[in-house]
Amino acid sequence: MKKFRLLFLPLCYVLALEGMQGQVTGTVFRDFNGNGVQDANEPLVSGVTVNVYDASNALCATAVTAGATAPNYSAAGCGTGPVRVEF
């Protein structure tokens, strides 16, 4: 039986785009080969709780991954500064 690693990795395109101020968006998928890049055979994962913390370490947003297209989570309410994303 081949052993594989299941990693929940955000493609942390934690974007602060104009018009999306304070919104954190990303993708959680199973990274079978552990390379940090979503390949064609690596599915998205639904039901993962994503917590976003602001620069002062305060929880500022929560989301749950869903859907069959990337990005599969979006959380708003953290302002425009740096954030930490935890799964």
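Which residues make up the largest nonpolar core? In this predicted model, the core has 12 residues in all: Val-24, Val-28, Val-45, Val-48, Val-50, Val-52, Ala-61, Ala-63, Tyr-73, Ala-75, Cys-78 and Val-85. The elements that give two or more residues to this core are strand 4 (49-53), strand 5 (59-64) and strand 6. There is a general idea to keep in mind here: in soluble globular proteins, nonpolar side chains tend to be buried together.

**How the strands are arranged**

Let's follow strand 4 and its partners. Strand 4 and strand 5 run antiparallel and are joined by five bridges. Across this pairing, Tyr-53 stands opposite Leu-59 in strand 5. The two strands form a hairpin, with five residues between them. If you look at the turn, you will find Asn-57, which has a positive phi of about 70°.

Strand 4 also pairs with strand 7, again in the antiparallel sense, and here there are three bridges. In this pairing Val-52 stands opposite Val-85 in strand 7. Both Val-52 and Val-85 belong to the largest nonpolar core.

**An aromatic pair**

Now turn to the rings. The structure holds one aromatic pair. Tyr-73 lies in strand 6 (residues 73-76), while Phe-87 is in the segment after strand 7 (84-86), so the pair ties together parts that are 14 residues apart in sequence. Tyr-73 counts as buried, at 3% relative accessibility, whereas Phe-87 is partly exposed at 38%.

**Arg-84 and its contacts**

How many salt bridges does a search of the whole structure find? It finds one. Arg-84 forms this salt bridge with Glu-86, and the closest N and O atoms are 2.9 Å apart. As a general point, side chains of opposite charge can pair when their charged atoms come close. Arg-84 is partly exposed, at 34% relative accessibility, and Glu-86 is partly exposed too, with a relative accessible area of 33%.

Arg-84 has a ring contact as well: its charged end sits over the ring of Tyr-53, 4.4 Å from the ring centre. Tyr-53 is the residue that stands opposite Leu-59.

Here are the side-chain contacts side by side:

| Contact | Residues | Distance |
|---|---|---|
| Salt bridge | Arg-84 and Glu-86 | 2.9 Å, closest N and O atoms |
| Charge over ring | Arg-84 and Tyr-53 | 4.4 Å, charged end to ring centre |

Technical notes
Residues numbered from 1 in each chain as written. Predicted model: local features only at pLDDT ≥ 70, side-chain atom pairs only at ≥ 80, totals over all residues. Heavy atoms only, no water. Salt bridge = Lys/Arg side-chain N within 4 Å of Asp/Glu carboxyl O. Buried < 20%, exposed > 50% of the residue type's maximum accessible area, 1.4 Å probe, protein only. Phe/Tyr/Trp six-rings, centres within 6.5 Å; stacked < 30°, edge-to-face > 60°. Helix = DSSP H or I, 4+ residues; strand = E, 2+ residues; numbered from the N terminus. Lys NZ or Arg CZ within 6 Å of the ring centre and 35° of its normal. Core = buried A, V, L, I, M, F, W, Y, C linked by side-chain atoms within 4.5 Å. Pairing = 2+ DSSP bridges.
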